[in-house]
Amino acid sequence: MTPSPAPSYVGRFAPSPTGPLHWGSVLAAFGSWLHARHHGGRWLVRIEDLDPPRERPGAAQAQLATLARLGLHPDGEVLFQSRRHARYREALDALLARGLAFPCLCSRSDLAASGGIHRACVPVPEGARRTRSFRLRVDDRRLGFDDAVHGRIEQDLRQEVGDVVLRRADGYWAYQLAVVVDDADQGISHVVRGADLLDSTPRQIALQQALGFPTPRYLHLPLWCDAQGRKLSKSEGAEAVDGQPPLAVLRRCWRALGQPDEAWPDLRSPEAAAAEAAKRFDPARIPRTLPAGI
């Protein structure tokens, strides 16, 4: 199979700098890179460094170095979310001005009775000293999208999600707002990422609609799990790929993406192997779950 020209295609990989890249994050990186290159598109890298308590010093630079060793080079400057506070504030102000967002003093314990789902603010105890968060006002509707691997996904936003946090009570920007603003500003046309974010996609689409942003196409890759079936997490000490032979890492991810062994190119440099693999890549073979024996 040969790539089809699509100059409007822009994809991305957006890790959080909480540790070195592990197998799951590298699978997302290589999967999104392959999909972009196969379709003749651009591939960007964004560092989602908006949660300082969870970040590790030097992790972002280490992640970028790992991508370079694997031959996965972004088409443009790396974007750091920590440098974009003013842009997120602008988006929040626009939502507040139109009555689509609101300040909220509810704590987690206040929402315990509703399973943590915010549908209306509860009275704050007299004398309580709290810092407000900001939330997106969610409509009572079902919102869905067609995922390239998982098919039709729908969610009752008000019942299953509730009003979405945009800025946390601790002052940090919420992931949902930042990712929507950044995808729009970077012109992202295709979001290829792990299936752990399937559940977040409808609320991101609701926020895109509220801000007047276009909705990208979505493809959610299978999750790499540990022996107990839990999703790998950098913050929980998952095995990093640093120190592994780059070609072996790419080939293992190739298999995890459902691609046949015989289609893997027998080339000696990661850049050359990845470039040839993109030509042979078949997105229709991507599985919903990781193949056995990977």
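This is a predicted model: local features need pLDDT of at least 70, side-chain atom pairs count only at pLDDT 80 or more; totals for chains, interfaces and linings use all residues.
The partner of E1 is strand E2, which spans residues 42-47, and the two run in the parallel sense with 4 bridges between them. Within this pairing, Val10 is placed opposite Arg42 of E2. Together with helix H1, the strands E1 and E2 form a β-α-β unit that is right-handed.

## The loop between H2 and E3

The loop that links helix H2 (59-69) to strand E3 (79-80) contains His73, a residue that is partly exposed, with a relative accessibility of 37%. Leaving aside residues up to four places away in sequence, His73 is in contact with Trp33, Arg37, Trp43, Ala68 and Glu271. With one of these, Glu271, the side chain of His73 also makes a polar contact of 3.2 Å. Tyr172, by contrast, is 99 residues from His73 in sequence and lies 30 Å from His73 in space, taken from C-alpha to C-alpha.

Asp75 takes part in a salt bridge with Arg37, in which the closest N and O atoms are 2.8 Å apart. Because Asp75 belongs to the loop between H2 and E3 while Arg37 belongs to helix H1 (residues 23-38), this pair ties together parts that are 38 residues apart in sequence. Both partners are partly exposed, Asp75 at 26% relative accessibility and Arg37 at 22%.

## Other salt bridges

Across the whole structure, a search finds 21 salt bridges. One of them joins the side chains of Glu48 and Arg46, with an N to O distance of 3.9 Å, and here both Glu48 and Arg46 are buried.

The side chains of Asp261 and Arg255 form another salt bridge, at 2.6 Å from N to O. In this pair Asp261 is partly exposed, with 34% relative accessibility, and Arg255 is likewise partly exposed, with a relative accessible area of 32%. Elsewhere, salt bridges with shared partners connect Arg84, Arg87, Glu90, Asp182 and Asp185 in one network.

## Helix H6

Helix H6 runs over residues 201-211, and because 10 of its 11 residues are buried, this helix is largely enclosed by the rest of the structure. Just after H6 comes Gly212, which adopts a positive phi of about 75°.

## Cysteines

How many disulfides does the model contain? The count comes to 0. For Cys104, the closest cysteine sulfur is that of Cys106, at 3.7 Å, which is too far for a bond, because a disulfide requires the two sulfur atoms to be within 2.5 Å.

Is Cys104 buried or exposed? Cys104 is buried, with a relative accessible area of 1%, and Cys253 is buried as well, with a value of 0%.

Note on methods
Residues are numbered from 1 along each chain as its sequence is written. Side-chain values use heavy atoms; hydrogens and water are left out. Buried means under 20% relative accessible area, exposed over 50%, partly exposed in between (1.4 Å probe, protein chains only). Contact means heavy atoms within 4.5 Å. A polar contact is a pair of N or O atoms within 3.5 Å; within protein, one must be able to donate a hydrogen and the other to accept it, and residues adjacent in sequence count only if both atoms are side-chain atoms. A salt bridge is a side-chain nitrogen of Lys or Arg within 4 Å of a carboxyl oxygen of Asp or Glu. Two strands pair if DSSP finds at least two bridges between them. A crossover is right-handed if, with the strands pointing away from the viewer, the path from the first strand over the helix to the second runs clockwise.
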